[in-house]
Amino acid sequence: PASAFARRDQHSWCGAKNCQRSYATAAAAPSRTASSQQLPKLQTPPAEALMAALEEKLAALSTHPPKFAVRGRFVHANARRAGLIEFVEDGLIVVEDGAIIAVAKDADQIKAVLAEHRPQDVVELAETEFLAPGMVDCHVHAPQYAYSGTATDKPLMEWLQHYTFPAEKRCVDVDYAKTLYSALVDRLLMQGTTCVALYATIHVPATNALVDICLEKGLRAVVGKVCMDRHGGDGYEETTAEALAGTRACLDYIRKAQPGASGLSRLVQPCVIPRFIPTCTPELLAGLGDIARESDDVWVQSHASEAPDQVKFVDTLHPGKRCTEIFESHGLLTDKCVMAHCVYLEDGELDTFARKGAGVACCPLSNAIFSLSPGWHAFPFHKAHAKGVRVGMGTDIAGGYAASILVACRHAAVASKHDMGEKDVDYKDAFWAATLGGARALGLDTVLGNFEVGKQFDAVRINCEAGNYDTFPSAIHPCCPSRLEHDFEKFVNLGDDRNIASVYVQGKRRR
């Protein structure tokens, strides 16, 4: 079976790396003699050649013909309403040139679809595996990945000055930025994230390097240069003119880096990023709004109503005005805009978000660390959905210390338990937001988010038996409708990168 073949390949890959270490150890060890006769030297292949051969082998195993299909169990978000998950016990998804061209959900449909479309290869999932849409992370600060898992001891505005701005300032060194960004993109793909909204820094060369790495490794992304012309750190600030010129340069670079691709067919989408209102003058906000209006292929990312100290700072800079009003007045609240956090949005502001089609990146973990205050427990998840606001999930690296969107899902569920005014968020609600909800929040739901015909094949193959938990299928509770739902809930609540057997973006295997 294909699944067993993939597992054997993983084992041989690990074995080869162990073999490489053995060669290196043997070569470095002192020689021994027997009866005064020296043993023959071990011939050691160059490490670079060995690793190149292994990478070539893995690439060959990862390649599918232009038209292929995947058969087995699959789970995905149903577009009819938020939180609705569809479970298919025996399904077939046919992919051609990266797009889904047919979906079958029972044996009779599978027979008909195979006869009609005749895929060149059919990948059979094992009974302990299932397919799910690739996960969407709506909020990541790429340069902050270096210190993720640390620096959780200060309120937001102090945290930015003490940790964040000095860390981002280092990306003036493009080689440093490339090393950091390459590790981040690898990690995100490893976690099953196939689409991400990324903040770079104020540096144009490092931002362009992030674009190159996403394209090279096949991670779908919305990427922009961060803009800030006031209240930055020491040496980490720019003039309004520099911020606007740098933004235009990065937008042009992203477009030219993908010849032949345009609009939603691009792997990387261009974006303007006013960091947040405290670091952007009205002149900068107006200039970025003008740039966003010049073309319909420009996204917007920023932060809104994030934390008590941030909200107070905005009020001192713009007395009587709130984030939503300020962004809207400068043309930055659009249907290609995603605002992070939004914990302190008032009801009228949620209505404005719904009217403008703007998205929210709910970041439960970093919200818990930086955003909460007495009487405020979590982003109003269900209220926002009821008002028609597009809500996705974000890890918020490094304010959120985990790179997995599954961790964000779990924290969303836990946070809702402590909010007396909100209905609980369960694992289905959270996963819906982490897939189709995230695609909607980014304005990409016509391209990805679930397994509908016409969308691109962004998917993760889940091996339920490969993680750090036990499935106990014999112990499924009678109230659980199926083994698939049992396996899915366990994965959302307990799974990690060890369960991610393979990752697809635009129909190509990226892991």
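The model is predicted: local features need pLDDT of at least 70, side-chain atom pairs count only at pLDDT 80 or more, and totals for chains, interfaces and linings use all residues. Residues are numbered from 1 along each chain as its sequence is written, and side-chain values use heavy atoms, with hydrogens and water left out.

Helix α14 spans residues 405–417. Helices (H or I, at least four residues) and strands (E, at least two) are DSSP runs numbered from the N terminus. The 13 residues of α14 reach 19 Å from first to last C-alpha, close to the 18 Å expected at 1.5 Å a residue. That expected span is 1.5 Å times one less than the number of residues. Ser404 caps the N-terminal end of α14. A side-chain oxygen of Ser404 lies 3.1 Å from the backbone nitrogen of Leu406. Buried residues of α14 include Ile405, Leu406, Val407 and Cys409. Here buried means under 20% relative accessible area, exposed over 50%, and partly exposed in between (1.4 Å probe, protein chains only). The cover over the buried residues of α14 includes β8 (135–141), α12 (364–371) and α16 (483–494).

The loop between β15 and α14 holds Asp396 and Ala398. The peptide bond from Ile397 to Ala398 is cis, with omega near 5 degrees. Asp396 is not a glycine, yet has a positive phi of about 55 degrees. Asp396 is buried, at 5% relative accessible area. His341, in strand β13 (residues 337–341), also has a positive phi, near 80 degrees. His341 is buried, at 1%. Ser366 of helix α12 is buried, with a relative accessible area of 1%. Leaving aside neighbours within four places in sequence, Ser366 is in contact (heavy atoms within 4.5 Å) with His341, Ser371, Asp396, Gly399 and Gly400.

Rings of Phe, Tyr and Trp (its six-membered ring) pair if their centres lie within 6.5 Å; planes under 30 degrees apart count as stacked, over 60 as edge-to-face and the rest as tilted. The count comes to 14 aromatic pairs. The ring centres of Phe130 and Phe488 lie 6.3 Å apart with planes at 70 degrees, so this pair is edge-to-face. Phe130 lies in strand β7 (residues 129–133) and Phe488 in helix α16, so the pair ties together parts 358 residues apart in sequence. Phe130 is buried, at 0%. Phe488 is buried, at 0%. Phe130 also forms an edge-to-face pair with Phe491, at 6.0 Å and 80 degrees. Ring pairs link Phe87, Phe130, Tyr427, Phe431, Phe488 and Phe491 into a cluster.

Conventions. A polar contact is a pair of N or O atoms within 3.5 Å; within protein, one must be able to donate a hydrogen and the other to accept it, and residues adjacent in sequence count only if both atoms are side-chain atoms.
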